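Please look over the sequence and the model before reading the points below.

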Amino acid sequence: MYFRRSDRRAVLIIMAFILFFWGGMMVERWLLRSSAPTFTLDETGMDSLSAPLSSPPSSRLSTSSVDVTPSASNRSSADDLASAASAFTPETFPFDPNTADSATFHRLGLTDWQIKNIYKYRARGGRYHRPEDFKRLYGMTPEVYDRLAPVIRIGKQFRYYDEKDFEADNVRRAHYDSLRHERAAADAARRDSLARRYPRQEKFTELVQLDLNTVDTTTLKKVPGIASVRARQIIRLRDRLGGFVSPEQLTEIDNFPEELLAWFKVDTDVLRRLNVNSASFSELARHPYIGADRARAIESYRHKYGKLNSLSELSLLPEFDEVAIRRIEPYIEY
């Protein structure tokens, strides 16, 4: 088999790399073996190992039995733990119950379950706004609270108020009170001025029937229970309709008292009617009883079938039911 010069060079490089790697492993193994420590058993150790074997079976049984009596070292460690527990005395130093950690509470003498309750309370969004709030901690004894109360320091971001805040709040309250009194005096003066400029409207003392289609706002305001706002609502509805055909139409105004209907009558001769064949879409849509949908239906009907001779021709359209036709019929002409 013939190898090119470049192939022979590559083979030599690979073999050199393998030899180098293998040689390194052998050197490392030799170095580790030469530095490994050797262990020997001295004669004393051998004697200690052979002693139990040379002793009688009874002695070996007694020596191999378990000694349940605590050793001196175990007794000393237990005594140390008991003495350490009895020697622990709670510390007393300033702390904030809103930010203190478990180590701080341990040093203060709180139990584990009390610390857990504090963490749960804070996790739910609870905060201690006053030192007295810490007294509500479950398991808090009066002795412990009396010891910790003087050193509780509530952070400013958790307090309701401090003395400076109370003083500033009193200053603000006095300022707002003075402004309120000044505003009340100014309002009273304005009302007096308006009362002199616009005297109180006299009301009818007896029942008078007014024509809804000709009455003005001044006369409407003489009716007991009707003021400026309600009078303007009546006139606005009359203008949009083209006139009233019945006093009951006043109930279409929000919160209009039905007992006021007895004060009104209607003259239908002055109604302003709408020509359904010549009125534009906007004129039809502005009427409260027609609106945009019915105006569009009327306009579509006129384009398809020509002039209307009666509203009953529209009764087949979904926009015009019997109630709608009855309401708009007094306001339509052809």
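**Overview**

Of the 334 residues of the protein, 24% count as buried, where buried means under 20% relative accessible area, exposed means over 50%, and partly exposed lies in between (1.4 Å probe, protein chains only). The model is predicted: local features need pLDDT of at least 70, side-chain atom pairs count only at pLDDT 80 or more, and totals for chains, interfaces and linings use all residues. Residues are numbered from 1 along each chain as its sequence is written, and side-chain values use heavy atoms, with hydrogens and water left out.

**Architecture and surface**

- The protein has 13 helices and 4 strands; these are DSSP runs numbered from the N terminus, with helices (H or I) of at least four residues and strands (E) of at least two.
- About 24600 Å² of accessible surface is found for the protein, and 56% of it belongs to carbon and sulfur atoms; such areas come from the Shrake-Rupley method with a 1.4 Å probe, and for residues only the protein chains shown count as cover.
- Among contacts (heavy atoms within 4.5 Å) between residues at least 6 apart in sequence, 52% join residues at least 24 apart.

**Nonpolar cores**

- A nonpolar core is a set of buried Ala, Val, Leu, Ile, Met, Phe, Trp, Tyr and Cys residues joined through side-chain atoms within 4.5 Å.
- The largest such core has 38 residues, and Leu220, Ile226, Ile234, Leu250 and Phe264 have the most contacts inside it.
- Helix 10 (228-241), helix 12 (291-305) and helix 13 (322-328) each supply at least two residues of this core, and the largest share, 5 residues, comes from helix 10.
- Leaving aside neighbours within four places in sequence, the residues in contact with Ile234 are Leu212, Leu220, Ile226, Phe244, Leu250, Ile253 and Phe256.
- A second, separate core has 18 residues, including Phe95, Met140, Ile152 and Phe158.
- In soluble globular proteins, nonpolar side chains tend to be buried together.

**Two individual residues**

- Ile235 lies in helix 10 and counts as buried because its relative accessibility is 16%.
- Not counting residues up to four places away in sequence, Ile235 touches Val215, Thr217 and Leu220.
- Ile235 and Thr214 are 21 residues apart in sequence, and their C-alpha atoms are 9.6 Å apart in space.
- Asn255 is found in the loop between helix 10 and strand 2 (264-265), and it counts as exposed because its relative accessibility is 71%.
- Phi of Asn255 is near 60°, a positive value in a residue other than glycine.
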